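Subject: Structure handover and notes

Dear colleague,

I would be glad if you could read them with the model open beside you.

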Amino acid sequence: MNQLQIVCGCLIENDQVFIAQRLGKDAGLWEFPGGKVENGESHEEAVIRELEEELSIKAEVLKKLCTIEDNTKDIPLIVTAYACQILEGKIQLSVHSHGTWLLPSAIDLRTFHTSDEPIIRALIDFMTAE
Ligand SMILES: Nc1nc2c([nH]c(=O)n2[C@H]2C[C@H](O)[C@@H](COP(=O)(O)OP(=O)(O)OP(=O)(O)O)O2)c(=O)[nH]1
(Lines give C-alpha, C1' and ligand atoms only; values in the text may rest on other atoms or scores of the structure.)
Protein backbone atom coordinates (compact mmCIF):
# COMPACT_ATOMS: atom_id res chain seq x y z
CA MET A 1 0.00 0.00 0.00
CA ASN A 2 1.14 3.55 -0.73
CA GLN A 3 2.47 5.37 2.28
CA LEU A 4 3.24 9.06 2.26
CA GLN A 5 6.37 10.27 4.02
CA ILE A 6 5.50 13.31 6.12
CA VAL A 7 7.72 15.44 8.33
CA CYS A 8 6.54 17.83 10.99
CA GLY A 9 8.37 20.42 13.07
CA CYS A 10 7.84 20.84 16.81
CA LEU A 11 9.11 24.39 17.31
CA ILE A 12 10.32 24.92 20.86
CA GLU A 13 10.67 28.23 22.70
CA ASN A 14 10.67 28.89 26.47
CA ASP A 15 9.37 25.43 27.47
CA GLN A 16 6.53 25.74 24.98
CA VAL A 17 5.80 24.22 21.57
CA PHE A 18 4.03 25.80 18.61
CA ILE A 19 0.90 24.15 17.22
CA ALA A 20 -1.37 25.36 14.45
CA GLN A 21 -4.94 24.77 13.36
CA ARG A 22 -5.52 23.48 9.84
CA LEU A 23 -7.49 25.20 7.09
CA GLY A 24 -8.89 23.24 4.14
CA LYS A 25 -8.84 19.46 4.51
CA ASP A 26 -9.32 18.49 8.18
CA ALA A 27 -10.06 22.15 8.97
CA GLY A 28 -10.06 22.85 12.69
CA LEU A 29 -7.63 20.06 13.53
CA TRP A 30 -4.50 21.15 15.42
CA GLU A 31 -1.07 19.89 14.33
CA PHE A 32 2.62 20.48 14.17
CA PRO A 33 3.33 22.35 10.92
CA GLY A 34 4.68 20.03 8.23
CA GLY A 35 4.01 18.27 4.99
CA LYS A 36 5.22 15.80 2.40
CA VAL A 37 8.88 15.00 1.80
CA GLU A 38 9.67 15.77 -1.84
CA ASN A 39 11.76 13.61 -4.16
CA GLY A 40 15.49 13.97 -3.57
CA GLU A 41 15.04 15.84 -0.31
CA SER A 42 16.30 14.73 3.11
CA HIS A 43 13.82 14.74 5.98
CA GLU A 44 15.67 17.60 7.64
CA GLU A 45 15.62 19.66 4.43
CA ALA A 46 11.91 18.94 4.11
CA VAL A 47 11.01 20.06 7.61
CA ILE A 48 13.01 23.29 7.26
CA ARG A 49 11.34 23.99 3.88
CA GLU A 50 7.84 23.30 5.25
CA LEU A 51 8.41 25.61 8.24
CA GLU A 52 9.58 28.34 5.87
CA GLU A 53 6.66 27.82 3.44
CA GLU A 54 3.95 27.56 6.09
CA LEU A 55 5.23 29.96 8.79
CA SER A 56 7.71 32.27 6.94
CA ILE A 57 10.51 31.50 9.40
CA LYS A 58 14.01 30.13 9.16
CA ALA A 59 14.38 27.22 11.57
CA GLU A 60 16.95 24.64 12.53
CA VAL A 61 16.52 21.04 13.55
CA LEU A 62 17.56 20.20 17.11
CA LYS A 63 16.70 16.50 17.19
CA LYS A 64 14.73 13.78 15.46
CA LEU A 65 11.99 12.85 17.95
CA CYS A 66 10.23 9.78 16.54
CA THR A 67 8.40 8.25 13.61
CA ILE A 68 4.78 7.17 13.80
CA GLU A 69 2.22 5.66 11.47
CA ASP A 70 -0.93 7.71 11.05
CA ASN A 71 -3.64 5.40 9.72
CA THR A 72 -6.50 7.77 10.44
CA LYS A 73 -6.39 9.40 6.95
CA ASP A 74 -7.44 8.17 3.44
CA ILE A 75 -3.78 7.40 2.69
CA PRO A 76 -1.55 5.94 5.44
CA LEU A 77 1.07 8.45 6.56
CA ILE A 78 4.52 7.82 7.99
CA VAL A 79 5.12 10.92 10.09
CA THR A 80 8.58 11.80 11.41
CA ALA A 81 8.70 14.59 13.96
CA TYR A 82 11.65 16.90 14.60
CA ALA A 83 12.30 19.22 17.52
CA CYS A 84 13.21 22.58 15.97
CA GLN A 85 13.87 26.16 16.94
CA ILE A 86 13.43 29.47 15.14
CA LEU A 87 16.64 31.06 13.89
CA GLU A 88 15.13 34.06 12.11
CA GLY A 89 11.76 35.64 11.55
CA LYS A 90 8.38 35.95 13.20
CA ILE A 91 5.66 33.41 12.56
CA GLN A 92 3.15 34.44 9.88
CA LEU A 93 0.42 31.93 9.18
CA SER A 94 -0.51 31.09 5.59
CA VAL A 95 -2.03 27.59 5.53
CA HIS A 96 -3.35 27.61 9.10
CA SER A 97 -6.12 29.68 10.69
CA HIS A 98 -4.63 29.96 14.18
CA GLY A 99 -1.39 29.21 15.94
CA THR A 100 -0.46 29.06 19.59
CA TRP A 101 2.42 28.29 21.95
CA LEU A 102 1.68 25.96 24.85
CA LEU A 103 3.25 23.40 27.15
CA PRO A 104 3.36 20.08 25.27
CA SER A 105 1.58 18.43 28.21
CA ALA A 106 -1.37 20.75 27.52
CA ILE A 107 -1.95 19.47 23.96
CA ASP A 108 -5.47 18.07 23.78
CA LEU A 109 -5.46 14.90 21.62
CA ARG A 110 -9.21 15.24 21.07
CA THR A 111 -8.51 18.18 18.76
CA PHE A 112 -5.08 17.01 17.50
CA HIS A 113 -3.98 14.29 15.05
CA THR A 114 -4.90 11.40 17.34
CA SER A 115 -1.94 9.23 16.27
CA ASP A 116 0.54 11.78 17.59
CA GLU A 117 0.64 10.76 21.25
CA PRO A 118 4.13 9.14 20.86
CA ILE A 119 5.41 12.35 19.26
CA ILE A 120 4.15 14.40 22.19
CA ARG A 121 5.72 11.96 24.66
CA ALA A 122 9.08 12.07 22.84
CA LEU A 123 8.86 15.87 22.77
CA ILE A 124 8.24 16.06 26.52
CA ASP A 125 11.17 13.67 27.15
CA PHE A 126 13.44 15.82 24.97
CA MET A 127 12.36 19.08 26.62
CA THR A 128 12.72 17.62 30.11
CA ALA A 129 16.22 16.31 29.37
CA GLU A 130 17.43 19.61 27.84
N1 LIG B 1 -0.16 12.97 12.24
C2 LIG B 1 0.23 14.17 11.83
N3 LIG B 1 0.11 14.52 10.55
C4 LIG B 1 0.53 15.74 10.20
C5 LIG B 1 1.08 16.67 11.11
N6 LIG B 1 1.40 17.82 10.44
C7 LIG B 1 1.07 17.60 9.14
O8 LIG B 1 1.23 18.40 8.20
N9 LIG B 1 0.53 16.33 9.00
C10 LIG B 1 -0.02 15.67 7.82
C11 LIG B 1 -1.45 16.12 7.55
C12 LIG B 1 -1.59 15.98 6.07
O13 LIG B 1 -2.41 14.86 5.79
C14 LIG B 1 -0.18 15.71 5.57
C15 LIG B 1 0.24 16.59 4.44
O16 LIG B 1 0.15 17.91 4.89
P17 LIG B 1 -0.01 19.07 3.83
O18 LIG B 1 -1.20 18.82 2.99
O19 LIG B 1 0.09 20.37 4.56
O20 LIG B 1 1.33 18.79 3.01
P21 LIG B 1 2.03 19.65 1.91
O22 LIG B 1 2.38 21.00 2.47
O23 LIG B 1 3.19 18.84 1.40
O24 LIG B 1 0.84 19.72 0.90
P25 LIG B 1 0.64 20.29 -0.54
O26 LIG B 1 1.83 21.17 -0.85
O27 LIG B 1 0.52 19.08 -1.41
O28 LIG B 1 -0.66 21.03 -0.41
O29 LIG B 1 0.69 15.91 6.68
C30 LIG B 1 1.18 16.30 12.46
O31 LIG B 1 1.61 17.06 13.34
N32 LIG B 1 0.74 15.04 12.77
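A residue is called buried here when its relative accessible area is under 20%, exposed when it is over 50% and partly exposed in between, with a 1.4 Å probe and protein chains only. This is a predicted model, in which local features need pLDDT of at least 70 and side-chain atom pairs count only at pLDDT 80 or more, whereas totals for chains, interfaces and linings use all residues. Residues are numbered from 1 along each chain as its sequence is written, and side-chain values use heavy atoms, with hydrogens and water left out.

Cysteines

C84 counts as buried because its relative accessibility is 0%, and C10 is likewise buried at 0%. With a disulfide taken as a pair of cysteine sulfur atoms within 2.5 Å, the count comes to zero. C10 has its nearest cysteine sulfur in C8, 5.0 Å away, while the sulfur of C84 lies 7.2 Å from the closest one, in C10, and is therefore too far for a bond.

Nonpolar cores

A nonpolar core is a set of buried Ala, Val, Leu, Ile, Met, Phe, Trp, Tyr and Cys residues joined through side-chain atoms within 4.5 Å. The largest such core has 24 residues, of which C10, F32, L65, I107, I119 and L123 touch the most other members. Two or more residues come from each of β1 (4–13), β2 (16–22), β5 (58–70), β6 (77–88) and α2 (117–129), helices (H or I, at least four residues) and strands (E, at least two) being DSSP runs numbered from the N terminus. The element that gives the most is α2, with six residues. A second, separate core of 13 residues includes A20, A46, L51 and A59.

Aromatic pair

Rings of Phe, Tyr and Trp (its six-membered ring) pair if their centres lie within 6.5 Å, and planes under 30 degrees apart count as stacked, over 60 as edge-to-face and the rest as tilted. There are two aromatic pairs by this rule. In one of them, F32 and F112 have ring centres 5.0 Å apart and planes at 70 degrees, so the pair is edge-to-face. F32 sits in the loop between β3 (30–31) and β4 (34–36) and F112 in the loop between β7 and α2, 80 residues apart.

Histidine

H96, in strand β7 (residues 96–102), is buried at 5% relative accessibility. Its side chain makes a polar contact with that of E31 at 2.8 Å, where such a contact is a pair of N or O atoms within 3.5 Å; within protein, one must be able to donate a hydrogen and the other to accept it, and residues adjacent in sequence count only if both atoms are side-chain atoms.

With best wishes
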